[in-house]
Amino acid sequence: MIRLLLERLAGAVPVLLLVSVVSFGLMRLIPGDPSASIAGLSATPQMVAQIREQLGLDQPLLTQAAHWYGGLLRGDLGRSILLGQSVFWATVERLPVTIALSLYALVVTLVVGIGAGVLAALRQNSWVDQAAMMVAMLGISVPNFFLGLLFIIWFAVGLGWLPTGGYVPFTEDPWGWFRTSTMPAVSLALLNVGLLARVTRSTMLEVLRQDYVRTARAKGLPGYKVVGKHALANAMIPITTVVGIIVSLLVSGSVVTETLFSIPGIGQLLTSAVLGRDYPMVQGGLLLVTALLVLVNLGVDMLYAVLDPRIRYGR
Amino acid sequence: MWRATLRRLLRHRLFVTGLALFLVVLALAAFAPWLTTADPTKLGIRTKFRPPSAEFVFGTDNLGRSLWSRAVWGARLSVEIGVAVVVLNAVFGTLVGALSGYFRRLDGPLMRFNDALMAFPAILLAIGITAVLGPSTENVILALAVVYVPRTARIVRASVLVLRETEYVQAAVAAGASHWRILRTHVLPNALAPLIVQLSFLFAYAVLTEATLSFLGLGAVPPTPTWGNIMAEGRQYMREAPWIITIPGLLLMMTVMGLNLLGDGLRDVLDPRLRLQP
Amino acid sequence: MRAAILAAILMAGTTLAARPVAAEPFKCPRTGGNFVFGQEANVNSLDQMTSNTISTRNIAMNVFEALTTRDENNNPILDLADTLTEAPDRMSYTFTLRPGVKFHNGKPMTSADVVASWDRYSKVGLDRQLLDPVASWEATDPGTFVVKMKAPSPTFVEKLSSFSIPMVIVPSEAKDDPPQQLRTIGTGPWQLDQSVPGSFVRLKRYDGYTPNTKFEQRTGFGGYKQACFDTVTFRIVTEGGARVAGLETGELNAVEDVPTKSVERLKANKDVKLLPLLNWWIQIAVANASQAPTDDVRMRQAIQSVLDMDEIMDAATDGNYRLNYGFAYPNQPDYVTTGEKTYNQKDPAKAKRLLAEAGYKGQPLVLLTNKDYASMYNAALVAQEQLKSVGVATELKVVDWPTSVQMSLKADAGWNLFFSGWGTQPALGALATMAFLAPPAAMYMPKDNKDDPDVLAAWREMNTGVTKEIRKAAFGRMQGALLEKAYVFPFGSLTKVQASRANVQGWVPFRIPRMSNVWFAN
């Protein structure tokens, strides 16, 4: 197990190297550069040229690349052009925000998604099944930005229950955090709830028909034990895969949701960095976030091995 | 055999509902030039913000353009993008997933590359690719394929990993069957159910992600109408002229829902393991 | 008589000081509270010397101050300077500093800080060209700062007092702060409390602030300023609908940029005050004179003669606009009427005639616009439609804002008309605006890099003309030449709407929100 872990960690290094090359190249290939964003709406061409010079953007690409990788080797990710803050701290400061929001959304997803999926599978073809699946389908059909805007209008403007946006850290004011995070988390979760409920249901249906479940039933084990111990445990494998996907989906979803609700998280940071051509921020930020997601995927793989003894990895 | 399957499908209520919804959208897409009289990009200086009426079935937008025309032409684009992304995924996702799950030697490198692509948050990678290539329909399709193929591959691989260890595959190996034959006859057909479910979701993702890209101003080139960019342009008027954003939103939901019902129906009927049940 | 502008400055300084202390200076009717302002764009940096964005100015102009600034009517006034004396030969300017001014770190401001600030600006300041006519600057004593000129420059003080990228005064230890990384320590009534990039910036009242007693009231960015709120939070709310919603629920006390469609609804809301800001920017398109077919003056004039500005402005602004030709607004002292006949002609027959004269054979005309600013995008769509109606083959090139700026800087990047909006410069005056169309990088891309001789001659005189009248006449000639040769197409002026809750008092709409002398009524 530990050997497997180490092997996979070593395997992550080339992945990250690839990511750094891709994001460096990708950003330089995009037309436009950060000088236009700094210079503002009505800058003279001269000012734009001055800013380019100041940022070293007039240097050859190889010099810029050498500069970036040189910094990377010293553990220096550089400074964000648009935030005037070190890339490392800009990312680290925003990580907890996105993690807290994603965890909130993940909890909603897991509870509602697995719950609805299992329930629907157990009562296949009943009205419970059909209602749950209809809701799941609605969930995966509504764009989350559309839902977010509808939420703002219904719950913030119409009913006045929740604030329209903004963010309060959990550590400062848990209740305030809950109030500001609920609409974004729910609009973020809905798609994933639909996704998870459907996968859970179809997997459960398959598992419930497997021989060992029927055997367990035939042996007269009580229903909750059959479902809990045998069926659900085996259904966890595909579900785990989906949860792994959901984690990256949450990070992706946060891109739009954070912008919509003015939440200072990673998604907003990286989107505005890409759109504003903040080269160091995109390169360094993506590298850090990617490293994190690689770790999550690694965790999912390790979970497989634990959950399903039939999988013998890596030997 | 095929006739029996078809009959069973047509008796499946949800499948038929889904098929009907999807056919409506397909019809809109296919017959767009005949269904609309107004050019979807034709401005109407004197017909701004008209709510749905007899003259404008779906109303008009902030520039007085007919939303019926825009929505119908948008359907064509959404369907094009969805179909292209699904086909690319079916081909490349299955290929990568099956190879990776079945051949241990390939698993490492393929999954590392997969991980690298999946490691980028989907929408950021899509934004990056469309930003580099420049916004166009083809580039959006390419970006969505690059983003989603690794995810499909992962699902296929997960099923193949389990199937590889089953008795009947082991037996086939013992009997000396070729890898290709085993993959084709034992592994892939049994991995089809989760793939179909995944692909039914994927159409939704493709259309939704396209909408998101447009929402962020990076979809197909305006003023070409797509549901995504109609909503993006209408969002600032969503309280005063809610129909601008609601109509493409509802069409979008209809399309996705239709496809999911369709996929569910197919799965219920085609999955051999479920068919064994009484 | 020397320089009219200077007279205005010195008047502000001397007359007010001479006035008896009868008029009471402004006193906050109520203090306290946290004022939350909904701001539309992220703040890239609070370094007022190296950033030219509105979002920076919104915040930083409440924190930093400069020797000179502009008053409510855009006239130059003194702010951190107590007096300003121009030498008779106009070869030097002597500033004395307002006594008792302290930085937010408690350190008293001296001329050493002014020298250090000017040193930094001359190295990294975005508008450092304004120091080109300056030979040197020095502190002659702790309260006196002297600027020596290379040659007389009649427009120097006008440029110096610009609020676009002002030469703000910072403590001398900030002298070597790299660009974009200036420590946020100024002399203003507000000091930085907390900044969470992407979310909010909070300022708090600076209790050590020394108001400018030469005035009784706030005016422009200067005057007698008092911080009435305890804190001011600039919350970033990019979505227009969300800003309006926040204002309606009272979470936001004031917002900028209310979408036009929401204005009607807000009018009916008794808890909200609407504050329209006329002439927010000139909606505009610039021609590329180096690229066929717009390298032909008749082609450009054909474009000019077909445009219907009402249609364009209506689509661009959803109806919140005023027709306005040229590069200044009627309420400004610079306003001139040259080139009026070129505006809003709506004459397709003339356009067709000019196209025929130019030998136009259906070469595509590329309209470069962006999706980030809906008004520019919509203006391009309508212009395209109008051009099509006289048989011009058009092609819309829609990119994002940074890309369109980069393309617009290159004559050979494949564009003919670049759609933009000019806000800050027209507000600052003709001199600032015309810099867009003058060497070294005129935006209309003069053929073979040779500026149009008429435009160039007028520009030179705008800078060196000894009296205000001479300079204004030169501006008139420059505007006339630019419009008659159709290098630029100003469409009209866009109105932006700010709004506040009804209990916000003392708020006067201004390009940049001023947080001083604003308070909450009960």
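Tutor: We shall take confidence, then one chain, then an interface.

Tutor: This is a predicted model, in which local features need pLDDT of at least 70 and side-chain atom pairs count only at pLDDT 80 or more, while totals for chains, interfaces and linings use all residues. Residues are numbered from 1 along each chain as its sequence is written, and chains are lettered from A and ligands numbered from 1 in the order in which they are written.

Student: What pLDDT does chain C average?

Tutor: pLDDT is the predictor's confidence in each residue, from 0 to 100. Chain C averages 90, with 96% of its residues scoring at least 70, but over residues 1-21 of chain C the value is below 50. Where pLDDT is low, the predicted coordinates should not be read in detail. For the complex, the predictor gives an ipTM of 0.72 and a pTM of 0.81.

Student: How many helices and strands are there in chain A?

Tutor: Helices (H or I, at least four residues) and strands (E, at least two) are DSSP runs, numbered from the N terminus. Chain A has twelve helices and zero strands.

Student: How many residues of chain B are in contact with chain A?

Tutor: Two residues are in contact if their C-beta atoms, placed from the backbone, lie within 7 Å. Here 43 residues of chain B are in contact with 42 residues of chain A, and the largest share of the side of chain B that touches chain A, eight residues, comes from helix 9 of chain B.
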